[in-house]
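Okay, everyone, today I'd like to talk about salt bridges. Have a look at this one with me.

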Amino acid sequence: MNELKAFLLENSVRFYENEPMKNRTSFRIGGDAKLFIEPENEQELSLVLEKCRSCSLEPFIIGNGSNLLVSDSGIERPVIKLCGEFEKITLVDETTVRAGAGAMLVSLCRFALLNSLSGLEFAYGIPGSVGGAVFMNAGAYGGEMKNFVEFCEHVDRRGNKGKLSKDELSFSYRKSAYGENGCIVTFATFKLQKGEKGEVEEKMNELLNRRKDKQPLSFPSAGSVFKRPEGYFAGALIEQSGLKGKRIGGAMVSEKHAGFIVNAGSATCRDVKSLVEFCQKTVFEKFGVRLETEIKMI
């Protein structure tokens, strides 16, 4: 890690030491990252990845930290968050948009609205980054990223650039090829449709209001904790198990939506993990259904 730190200083790559991950995740939970690195372009990212490899260090890539639960003891691995040119969104042609993986999904939706483009209304209000949304094929209200992504650009762990087409991305429920190949999404290109600006905005606001009505947005959380079990809804199973409002330490099953575990006050990673396991055990005993987590734990 000291060798990597010296390399970052020598190459003027921005980084922070002992960065509190509670400030970098929507859960507001987590110990310190020993090195938190913010490459601003593909050249810096490739240099950092190659140096990590030569130092036998496995970096951890984060987006907006909105689907992440970090250990109370922090992260010893280098943490990388894409910034700078990776936050840019541009219009390729009248219906094609290229967005950096570090851009916020909300910003992409607003950019589409500004250009009277329809298709991404479902994603308005999802608090993640473009890269994270592609990585896990984010979806809501009947829409999924897979329906609009044309191709993705990436960098592999050796710093080499590459590209995957829509068919090569192997999208499925909350999965993509990037969950298996270890590459880092750098840019995604979306094919949208021309729409009427007022109608696009109306649909975006309608879905955002539905989100506000049904989800506990006043508490820190990492969104839906569990994937949807086949034939069921995780939140309904948890609610029918009588677990709404169940607390362990500062972690609580939301009283508004049982599919969410919220930080109700100074929750620790241990609190959340214990409550996740309690929900899984209770639902399995009552319904025979195993709940699989959607949030990523490190």
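Which residue forms a salt bridge with Lys5? That's Glu17, with the closest N and O atoms 3.0 Å apart. By salt bridge I mean a side-chain nitrogen of Lys or Arg within 4 Å of a carboxyl oxygen of Asp or Glu. Glu17 sits in strand 1 (residues 15-20) and Lys5 in helix 1 (residues 2-10), so this pair ties together parts that are 12 residues apart in sequence. Helices (H or I, at least four residues) and strands (E, at least two) are DSSP runs, numbered from the N terminus.

Quick word on the background. This is a predicted model, where local features need pLDDT of at least 70 and side-chain atom pairs count only at pLDDT 80 or more, while totals for chains, interfaces and linings use all residues. Residues are numbered from 1 along each chain as its sequence is written, and side-chain values use heavy atoms, leaving out hydrogens and water.

Back to our pair: Glu17 is partly exposed at 42% relative accessibility, and Lys5 is partly exposed too, at 25%. Buried means under 20% relative accessible area, exposed over 50%, and partly exposed in between (1.4 Å probe, protein chains only).

Next up, Lys227 and Glu292 meet in a salt bridge, 3.0 Å from N to O. Lys227 counts as buried at 15%, whereas Glu292 is partly exposed at 47%.

And the whole structure? A search finds 17 salt bridges.
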